[in-house]
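The following exercises are to be worked with the sequence and the structure at hand. Each task is followed by a solution in steps.

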Amino acid sequence: MTPRPLCLFALSAALAAPAAAAMRRAPVIHADMPEAQDRDWTRDPANKHLQALTLHLGDLITDKNPSKDDVPGVDHFVDLLQEELKKGSDAPRWRVLRNAKDARDQLRDAYDELRRAVEPLLEARALLGDAGEILIPAVDGEGEDAPKTKEAADSVKRTAEGIEADSPKAQGPDADASAVEPIKPREKDLAPVGELLKQVGQKVKLAKPWAVKAKGRTKTVDQFAQRARDIDKEIADSLGQRRTAGLPRDIDPTFNAEKVIRNANKWLKEAAKRADAVIKVLEKQTVPDAGLGLVNAKAAAADGTIMFGKAAGLRSAAKANAEAAKVREKYRPEWEAADRLPDDDPEKEKLKREAVEKATASKAAADDAAQKASDAADKAEEAAKQAADALSKAAEELKKLDELLGPDGFGDLPDLPELLLDAPEPKDIGKKGGAVGPKVNSKPLRYPKVLDDDASRIMLEYGEGR
């Protein structure tokens with residue numbers, strides 16, 4: 001595959017100084033969470049095929065350099081939160097961190113599952129390409145061969161039409177079926193297609209479980225996003241009950257955990273949809289009543305019909321020529337000889353009638369041969385047309401497949417590293433953040449050491465004690 005930049009779809013890391021400073025702020029636990037109305041919180045990839053969306057999902061997990069209007073990647077969010085927790089760890093933000101880490105693990109697993117699905121899907125498409133390289137020239141060749149049977153049939157028809165029974169004569173040209181002689185059977189050419197389509201089906205079977213797993217994780221990630229929202233709400237409610245709730249608050253609703261998780265999950269869902277669609281297109285290609293499977297069936301049917309048309313043309317031409325020869329070389333002379341007899345000869349009309357009857361039979365036989373050749377040619381042309389129509393439809397489906405799966409050589413999907421937390425876990429301060437157990441000696445209130453925060457901020461976030 002052709003190499004490409006590691007983060008093809010990551011936006012530029014070059015930030016203006018004020019924007020960069022803003023992005024280095026840690027996610028803030030806040031009392032209010034209004035939805036921003038003046039920004040587009042999505043970070044759309046340049047392409048939306050499966051490979052691009054999978055790579056985009058990987059970027060949304062690991063990218064640590066979002067531009068100012070983007071929702072940051074999960075690792076970026078986690079890293080900033082860890083930095084703050086290293087300054088002073090507390091249970092609420094640790095819960096946010098732990099939940100984000102768990103969501104990140106699910107997203108990473110989903111990314112890896114999509115990667116595992118993409119590889120056999122690309123291989124399946126390559127096998128379809130091999131099948132197409134056989135089917136396209138076969139169908140095109142049948143489209144060229146079928147008219148040759150029609151040409152032969154038309155020649156037979158002209159010969160039959162040239163035969164007259166009364167008085168017997170055969171004035172038409174001899175039937176010429178040489179047009180069908182170059183036609184060769186395509187059965188051996190088409191033989192590998194069935195095995196190739198079988199291999200496509202096997203590749204799809206390898207990919208499908210991974211795609212299903214990735215799709216299933218979207219619900220789990222949604223649960224982590226909802227948990228992030230619930231944690232934020234609990235914290236906001238707790239802050240709202242404090243005596244300092246009326247003080248001005250440093251609220252930054254821009255990058256909360258829920259938004260970060262849901263944004264990544266949005267693109268996981270989109271990638272999962274593409275994987276589903278790719279699998280459906282590929283599955284359709286392998287069955288005998290759709291896609292290239294149908295093309296193969298129609299091409300095989302057309303091959304048999306064309307070969308029958310060839311045989312019918314050759315037989316009919318020989319038959320028509322033989323009957324025309326009888327009329328021309330035998331029945332016509334017999335009729336002429338009888339016609340030359342004297343009018344009072346009692347054998348005259350009898351002999352003429354016998355010659356006409358024999359010419360009539362030859363005319364009927366030639367017409368029947370012409371009709372058989374014409375019917376066979378019509379069926380050959382219809383069969384070739386059906387194969388061509390099936391190929392045209394399959395080509396449209398394969399074009400859709402290319403749009404869904406993306407081009408060959410798009411690039412490798414890199415491994416994503418695991419994320420290990422190194423922020424200190426807060427001491428066991430109980431479920432609600434109070435002292436553990438009923439008998440704990442009181443201690444003087446100590447404010448956590450939070451760098452870059454003034455006293456009003458500390459009072460707002462941690463209160464005065466109760």
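**Exercise 1.** In this predicted model, determine which residues of helix α2 are buried and what covers them.

*Solution.* Begin with the residues themselves: Leu50, Gln51, Ala52, Leu53, Thr54, Leu55, His56, Leu57, Gly58, Asp59, Leu60 and Ile61 are buried. This amounts to twelve of the 13 residues of α2, a helix that is mostly covered. Next, look for the cover, which includes α3 (74–87), α4 (91–161), α6 (257–286) and α8 (348–405).

**Exercise 2.** Check whether the length of α2 agrees with its number of residues.

*Solution.* Helix α2 comprises residues 50–62, and at 1.5 Å a residue its 13 residues should span 18 Å. The C-alpha atoms at its ends are 18 Å apart, so the two values agree.

**Exercise 3.** Describe how α3 packs against α4.

*Solution.* First, take the geometry: the axes are 10 Å apart and form an angle of about 155°. An angle over 145 degrees counts as roughly antiparallel, and therefore α3 is roughly antiparallel to α4. The crossing of the two helices is left-handed. Then list the residues that meet: α3 contributes Val74, Asp75, Phe77, Val78, Leu81, Gln82, Glu84 and Leu85, while α4 contributes Arg93, Trp94, Val96, Leu97, Ala100, Arg104 and Leu107. Sorted by class, this contact has ten nonpolar, one polar and four charged residues.

Conventions
Residues are numbered from 1 along each chain as its sequence is written. This is a predicted model: local features need pLDDT of at least 70, side-chain atom pairs count only at pLDDT 80 or more; totals for chains, interfaces and linings use all residues. Side-chain values use heavy atoms; hydrogens and water are left out. Helices (H or I, at least four residues) and strands (E, at least two) are DSSP runs, numbered from the N terminus. The expected span of a helix is 1.5 Å times one less than its number of residues. Buried means under 20% relative accessible area, exposed over 50%, partly exposed in between (1.4 Å probe, protein chains only). Contact means heavy atoms within 4.5 Å. Axes are lines fitted to C-alpha atoms, for helices over the stretch in contact, and angles run from 0 to 180 degrees between N-to-C directions. Angles under 35 degrees count as roughly parallel, over 145 as roughly antiparallel, 65 to 115 as roughly perpendicular and the rest as oblique. A crossing is left-handed if the near helix is turned anticlockwise from the far one by less than a right angle, and right-handed if clockwise. Ala, Val, Leu, Ile, Met, Phe, Trp, Tyr, Cys and Pro count as nonpolar, Asp, Glu, Lys and Arg as charged, and the others, Gly among them, as polar.
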